[in-house]
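Hello,

Here is the structure I promised to pass on. Please open it alongside this note.

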Amino acid sequence: MVDQTGRIGMPRGNLPPLELHVPEPRFRPGDPVDYSWLDIPGAGELPRFDEACEARETMPATLGMVRVLDGKHRAVGPWDPRLDPETLRRILRTMALTRAFDDRMYRGQRQGKTSFYMKCTGEEAVSVAHAYALAGDDMVFPSYRQQGILIARDYPLVEMVNQIYSNRADRLKGRQLPIMYSARDYGFFTISGNLATQFPQAVGWAMASAIKGDTRIATSFVGEGSSAEGDFHAAMTFAAVYNAPVILNVVNNQWAISSFSGFAGAERSTFAARAVGYGIAGLRVDGNDALAVYAATQWAANRARANKGPTLIEHFTYRAEGHSTSDDPSAYRSAHEREEWPLGDPVMRLARHLIALGEWDDERHAAMDREVAEEVKAAAKAAEKNGVLGHGFHHPFHTMFEDVFEDLPWNLREQAEQAIREREAKWPDARSPGTGEEGEGA
Ligand SMILES: Cc1ncc(C[n+]2csc(CCOP(=O)(O)OP(=O)(O)O)c2C)c(N)n1
Ligand SMILES: [Mg+2]
């Protein structure tokens with residue numbers, strides 16, 4: 001750059017030097033936590049917009065928040081989905097089951113039964129209430145933290161554990177990282193570790209559904225950190241241009257492993273507000289309020305099904321535990337964040353609402369907790385019979401060469417033969433090489 005005096009790159013004395021802002025989280029390990037700076041709108045404050053409104057009319061909902069459960073555990077305001085107590089209890093039980101499943105699988109990882117696990121503790125309402133508000137055959141393009149959707153759709157827990165243990169009953173034959181499920185018959189698209197790829201895929205699926213004249217809509221989830229990926233923006237553009245029947249969810253749980261949400265832009269605006277710039281309806285929702293998640297999802301699903309367009313939903317929540325079993329959050333954030341989180345625990349909030357209605361009590365809650373723990377235990381025991389990591393009963397290793405090409409190309413056939421030879425040389429005593437039944441060390 002050349003200034004008026006012809007000097008290149010020299011600072012101009014009359015202007016401040018340019019500087020960058022590097023985001024820094026408010027609290028680090030050991031810091032006391034005070035969330036009073038967080039502006040959380042009250043329950044029932046936000047008006048409910050017409051499902052067929054113009055996308056830009058939802059601007060207040062992208063800066064405000066859909067909230068139904070108030071501080072006294074009552075359901076208030078125009079977003080109350082008015083669910084009957086039986087449905088509320090089913091949602092509560094599914095959230096409790098999801099939490100119990102997470103707890104047991106986490107322990108399973110610590111016991112060496114799997115290499116990896118990811119919990120969704122504190123975020124159960126996001127996936128479970130969302131699933132309850134969809135039709136059972138709507139297509140889900142999840143991230144790795146929506147196990148609650150599979151559980152809400154009654155996917156067998158034992159199949160989930162088989163996949164997590166990479167055992168011989170794993171339908172995915174040990175080819176996916178544990179927890180990266182795939183369940184075509186449950187409308188649950190294969191989870192990918194490549195963040196945000198599912199967003200444009202969901203939009204493409206929704207466009208195809210419309211092209212075929214189908215009535216099924218698609219829904220997809222990314223974390224707030226992943227919303228910084230280019231795929232997020234490609235998906236938003238396609239969804240807006242073609243008015244695709246899709247719900248695009250950003251789960252803002254405040255953290256992307258050790259990066260806080262500020263690195264994805266949270267200091268500047270809400271994630272929901274991204275919607276309006278694209279011409280997409282946007283809703284920010286209290287992600288720890290199952291009724292609010294249900295109501296927002298129902299609004300977006302009705303809108304999409306009526307050909308009124310896509311919706312971006314930001315679920316405002318908190319990742320209560322580590323990112324995964326490979327993570328140690330005490331190294332980068334204050335442990336007090338979880339205790340101080342102003343939106344509480346989604347399971348307890350729904351339970352207290354039911355208690356306030358006279359439809360639940362502490363004894364029933366304790367009995368439910370015991371029941372879901374037993375259900376998970378039974379599934380885990382049944383799956384263990386099919387093998388766990390490190391103790392055999394895996395799919396024969398040479399099956400990794402199968403199922404991609406109808407006829408194995410010569411180079412892969414050579415590689416497969418070489419792999420079998422090397423294995424026999426390494427473990428000459430193995431009972432039946434490659435069957436996965438060799439036991440320890442296989
Ligand atoms: C394209 C890509 N970049 C980076 C990673 C590594 N990675 C895995 S999870 C993760 C954090 C994602 O955080 P967020 O999107 O907020 O979701 P959350 O884990 O909080 O649910 C990162 C960076 C990846 N898997 N894929
Ligand atoms: Mg996150």
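My notes on its annotations, helix packing and ligand shell follow.

First, the ground rules. This is a predicted model, in which local features need pLDDT of at least 70, side-chain atom pairs count only at pLDDT 80 or more, and totals for chains, interfaces and linings use all residues. Residues are numbered from 1 along each chain as its sequence is written, while chains are lettered from A and ligands numbered from 1 in the order in which they are written.

**Annotated domains**

UniProt, in an unreviewed entry, puts "domain: 2-oxoisovalerate dehydrogenase E1 alpha subunit N-terminal" at residues 16-55. UniProt positions use the numbering here, feature names are shortened, and annotations may be inferred rather than shown by experiment. That span is 0% helix and 0% strand. Its end C-alpha atoms are 40 Å apart. (Helices are DSSP runs of H or I, at least four residues; strands are runs of E, at least two; both are numbered from the N terminus.)

**Helix packing**

Two packed helices are described by the angle between their axes and the distance between the axes. Axes are lines fitted to C-alpha atoms, for helices over the stretch in contact, and angles run from 0 to 180 degrees between N-to-C directions.

Start with α2 (residues 85-110) and α3 (residues 124-133). They pack at about 135°, with axes 10 Å apart. The pair is therefore oblique (angles under 35 degrees are roughly parallel, over 145 roughly antiparallel, 65 to 115 roughly perpendicular, the rest oblique). From α2, the contact uses Ile 91, Thr 94, Met 95, Thr 98 and Arg 99. From α3, it uses Glu 124, Ala 125, Val 128, Ala 129 and Tyr 132. Contact means C-beta atoms, placed from the backbone, within 7 Å. By class, there are six nonpolar, two polar and two charged residues. (Ala, Val, Leu, Ile, Met, Phe, Trp, Tyr, Cys and Pro count as nonpolar; Asp, Glu, Lys and Arg as charged; the others, Gly among them, as polar.)

Helix α2 also meets α12. Their axes come within 9 Å and cross at roughly 50°, so α2 and α12 are oblique to each other. Residues of α2 in this contact include Leu 97, Phe 101 and Arg 104. Those of α12 include Asp 369, Val 372 and Lys 377. The contact has nine nonpolar, one polar and five charged residues.

Helix α5 (residues 157-164) packs on α12 (residues 362-384) too, with axes within 8 Å and a crossing of roughly 50°. That makes α5 oblique to α12. Among the contact residues are Leu 157 and Val 161 of α5, and Ala 379 and Ala 383 of α12. The classes are eight nonpolar, one polar and one charged.

**Ligand 1**

Which residues are closest to ligand 1? They are Leu 195, Gly 223, Gly 225, Ser 226 and Ala 256, from a shell of 16. A residue counts as near if its C-beta atom, placed from the backbone, lies within 6 Å. Strands β2 (218-223) and β4 (255-256) each give two or more residues to the shell. It divides into six nonpolar, seven polar and three charged residues.

Best wishes

Conventions: Two residues are in contact if their C-beta atoms, placed from the backbone, lie within 7 Å.
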